[in-house]
Amino acid sequence: LFESVELAPRDPILGLNEQFNADTRAGKVNLGVGVYYDDEGRIPLLKAVHKAEVARVEAAAPRGYLPIEGISAYNKGAQRLLLGAGNPLLESGRVLTAQSLGGTGALKIGADFLKWLKPDANVVISNPSWENHRALFERAGFTVETYPYYDAATHGLDFNGMTAALNALPEGTIVILHACCHNPTGVDPTFDQWKEIARIIKQRDLVPFLDIAYQGFGEGIEEDAAVVRYFADQDITMLVSSSFSKSFSLYGERVGALTLICSSSEEGERVLSQLKRVIRTNYSNPPTHGGTIVSMVLNTPELYDLWATELAGMRERIRSMRQQLVEKLKAEGVNKDFSFVLEQRGMFSYSGLTKEQVDRLREEHGVYAVSSGRICVAALNSRNIDYVAKAIASVLA
Ligand code: PLP
Ligand code: TYF
């Protein structure tokens, strides 16, 4: 039966993790995978999460099946994060949400739903994008193409290239957009640029699928959802995948949500009924634990405030690491101006290091980065940053 099965390539990022784990050098540093580590180099267990978890364990709640679309209070909490508490859309019946298995699960049920709805549409992703975007939409049966995004010369956005490409897409093309903290580049459109993107999407009748996996890691919880809120204000119908893996530091709990904004409540009812069919034939209904924890935090004012403070702490620590990296590279005598690292948002920076330099970083110094030159700034800390700056300076010399 399985004789003809060929060995599949490793996921470039998760494969790097395996290599890192097998490395026996004491000073090794993993700037590969997109995970937030605290200053001690550990994945934090947020206090807000821990409090909710203790309360949940003490409640000794039974573990029946959840509804197909998950916990209602969780879904409402996810909607408030996207649209802002008090947004009249929340009560309109036009917004529907399904709890999902992480952001990946949200993208997957969204992709399956879209393949059923628009079997002949193509998908476009940014160049570059998160590796899994292409794989996931191709697996769902779509042809995936790219639109220009990153301009290596300026370390910024190729806005003209991007808008020209969007302007040339056939009606109904599905456009995957990173709502904030672009993975892998750290480069986001400005709000004015988002307005222009929205105008093109509306004018050309494109289908936006916004992916928000780092809400709160850019400028703030509310600020980072600005594009979602703007699109919604413009009455653009769309899909949004949310991931709480990073913002709640709950990677392994698989917490995310798929939200669809429809043009009427009656349409919303029909859409939800079909989305539930997609879920039923994938995994039937989502798991209870992580969703309950996130729901408790989002719906309990004291826990919410504590969470928001902890998330701000993560955001500010990353900022400070960006600042220090730029300063330390300069102090190490690096001539190249790295100040663009300060303009980038979220966990990642496209460092501009070449594949050869990344190879040398790993082989000579045990510093792991993605071959594209992407580094996870959230893995830097006060103990490894001097070492990393020296290592980068040595491969640039
Ligand atoms: N989308 C982007 C842009 C990501 O970087 C990630 C990271 O993991 C995801 C989606 C998936 O999130 P999750 O780990 O919650 O599946
Ligand atoms: O880009 C990253 O590093 C994170 C983690 O298949 C990740 O988004 C990487 C690859 C993957 C799943 C998650």
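1. The domain bounds used in this note come from an automatic or database domain assignment, and the model to which they are applied is a predicted one. For this protein, the assignment gives domain 1 as residues 12–45 together with 304–396, while domain 2 covers 63–299.

2. The C-alpha centres of domain 1 and domain 2 are 27 Å apart, and the contact between the domains takes 27 residues from domain 1 and 23 residues from domain 2. On the side of domain 1 that touches domain 2, the elements giving two or more residues are helix 1 (12–22), helix 11 (301–331) and strand 11 (348–350), with helix 11 supplying the largest share, 7 residues. By residue class, this side of domain 1 divides into 18 nonpolar, 6 polar and 3 charged residues.

3. Ligand 2 deserves a separate look, since the shell around it draws at least three residues from each of domain 1 and domain 2. The residues that surround ligand 2 are Asp11, Ile13, Leu14, Val33, Gly34, Trp130, Asn132 and Asn183, and this shell divides into 4 nonpolar, 3 polar and 1 charged.

4. As for annotation, an unreviewed UniProt entry places the feature "domain: Aminotransferase class I/classII large" at residues 28–392.

Note on methods. Residues are numbered from 1 along each chain as its sequence is written. Chains are lettered from A and ligands numbered from 1 in the order in which they are written. This is a predicted model: local features need pLDDT of at least 70, side-chain atom pairs count only at pLDDT 80 or more; totals for chains, interfaces and linings use all residues. Two residues are in contact if their C-beta atoms, placed from the backbone, lie within 7 Å. Helices (H or I, at least four residues) and strands (E, at least two) are DSSP runs, numbered from the N terminus. Ala, Val, Leu, Ile, Met, Phe, Trp, Tyr, Cys and Pro count as nonpolar, Asp, Glu, Lys and Arg as charged, and the others, Gly among them, as polar. A residue is near a molecule or strand if its C-beta atom, placed from the backbone, lies within 6 Å of it. UniProt positions are given in the numbering used here, feature names are shortened, and annotations may be inferred rather than shown by experiment.
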